[in-house]
Amino acid sequence: MSERHYRGLEALYAEAPINRMFRSRLSIVEQGRSRIEFDVGPDVFHGAGAAHGTIYFKMLDDAAFYAANTLVTDMFILTTAFNIFLTRPIGAGPVTAHGKWVSGTRRVLIAESWLTDAEGEEVGRGTGTFMRSRIPLASLAPYAAAFGG
């Protein structure tokens, strides 16, 4: 079940319409861990020539979200709160978002995430809370496809 669940989550991420705007790839590393690799380019820079905060939030939230959803195999979860810390500007180049589940499995899950640049330096960090929705994962076509559905 675990490997198929992980592949289903990866497929769900890959097929999300929002990700057409963000060139990125999700990998479920293991239960409670995720990684998103993406490239930052000038098309997402703010006026001072570095990545807009939108990029930090999107990738930090997604990494924490998918790390948490590895522990929930029946329902899609929802972000209920997310705190971010922008510690360094992000210039053009590859960035990795790392997600790690921290606690909770029943109602509320907590996960953290951090961004590293090409040199391995941390450039941002976040912590989120997530809750089960009423949306069965099996009802979402990209997820179901991982199970042959």
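Which residue stands opposite Thr96 in β5? In this predicted model, the residue opposite Thr96 is Thr116. The two strands concerned, β4 (residues 93-103) and β5 (residues 108-116), run antiparallel and are joined by seven bridges.

The protein chain contains three helices and six strands. Read from the N terminus, the order of its elements is α-β-β-α-β-β-β-β-α. A compact globule of 149 residues would have a radius of gyration near 15 Å, and the protein chain agrees with this because its own value is 15 Å. Along the principal axes, the C-alpha atoms of the protein chain fill a box of roughly 45 × 30 × 25 Å. Of the 149 residues, 42% count as buried. Among contacts in the protein chain with a separation of 6 or more, 64% come from residues 24 or more positions apart.

The six strands make up an open sheet with antiparallel pairing, in the order β1-β2-β4-β5-β6-β3. Strands β1 (24-30) and β3 (75-86) are the edge strands, each of them pairing on one side only. On average, neighbouring strands of the sheet are turned by 25° against each other, direction ignored. Strands of a sheet pair through backbone hydrogen bonds, in either a parallel or an antiparallel manner. Six bridges connect β1 and β2, which pair in the antiparallel sense. Within this pair, Ser27 has Arg35 in β2 as its bridge partner. The hairpin formed by β1 and β2 has two residues between the strands, and Gly32 in the turn has a positive phi of about 80°.

Two of the helices lie across strands of the sheet. Helix α1 (residues 2-15) lies across β1, β2 (33-40) and β3, and runs at about 165° to β1. Helix α2 (residues 53-69) lies across β1, β2, β3, β4, β5 and β6 (122-136), with an angle of about 135° to β3.

The largest nonpolar core has 36 residues, and Phe38, Leu115 and Phe130 are those with the most contacts inside it. At least two residues of this core are supplied by each of α1, β1, β2, α2, β3, β4, β5 and β6. Helix α2 gives the most, with nine residues. In soluble globular proteins, nonpolar side chains tend to be buried together. Leaving out residues up to four places away in sequence, Leu115 touches Phe38, Tyr56, Met59, Leu60, Ile90, Val95, Thr96, Ala97, Glu121, Glu122, Val123 and Gly124.

His5 is found in helix α1. His5 has a relative accessibility of 1% and therefore counts as buried, the cut-off being under 20%. Apart from neighbours within four places in sequence, His5 is in contact with Asn69, Thr70, Val72, Thr73, Leu137, Tyr143 and Phe147. The side chain of His5 reaches the backbone oxygen of Val72 at a distance of 3.3 Å. By contrast, His5 and Val40, which are 35 residues apart in sequence, lie 29 Å apart in space from C-alpha to C-alpha.

Asp62 has its place in helix α2. The relative accessible area of Asp62 is 11%, so this residue is buried as well. With residues up to four places away in sequence not counted, Asp62 touches Tyr13, Asn19 and Ile36.

Note on methods. Residues numbered from 1 in each chain as written. Predicted model: local features only at pLDDT ≥ 70, side-chain atom pairs only at ≥ 80, totals over all residues. Heavy atoms only, no water. Pairing = 2+ DSSP bridges. Helix = DSSP H or I, 4+ residues; strand = E, 2+ residues; numbered from the N terminus. Axes fitted to C-alpha atoms, helices over the stretch in contact; angles between N-to-C directions. Contact = heavy atoms within 4.5 Å. Buried < 20%, exposed > 50% of the residue type's maximum accessible area, 1.4 Å probe, protein only. Polar contact = N/O pair within 3.5 Å; in protein donor to acceptor, adjacent residues only side chain to side chain. Core = buried A, V, L, I, M, F, W, Y, C linked by side-chain atoms within 4.5 Å. Rg over C-alpha atoms; globule rule 2.2 N^0.38 Å.
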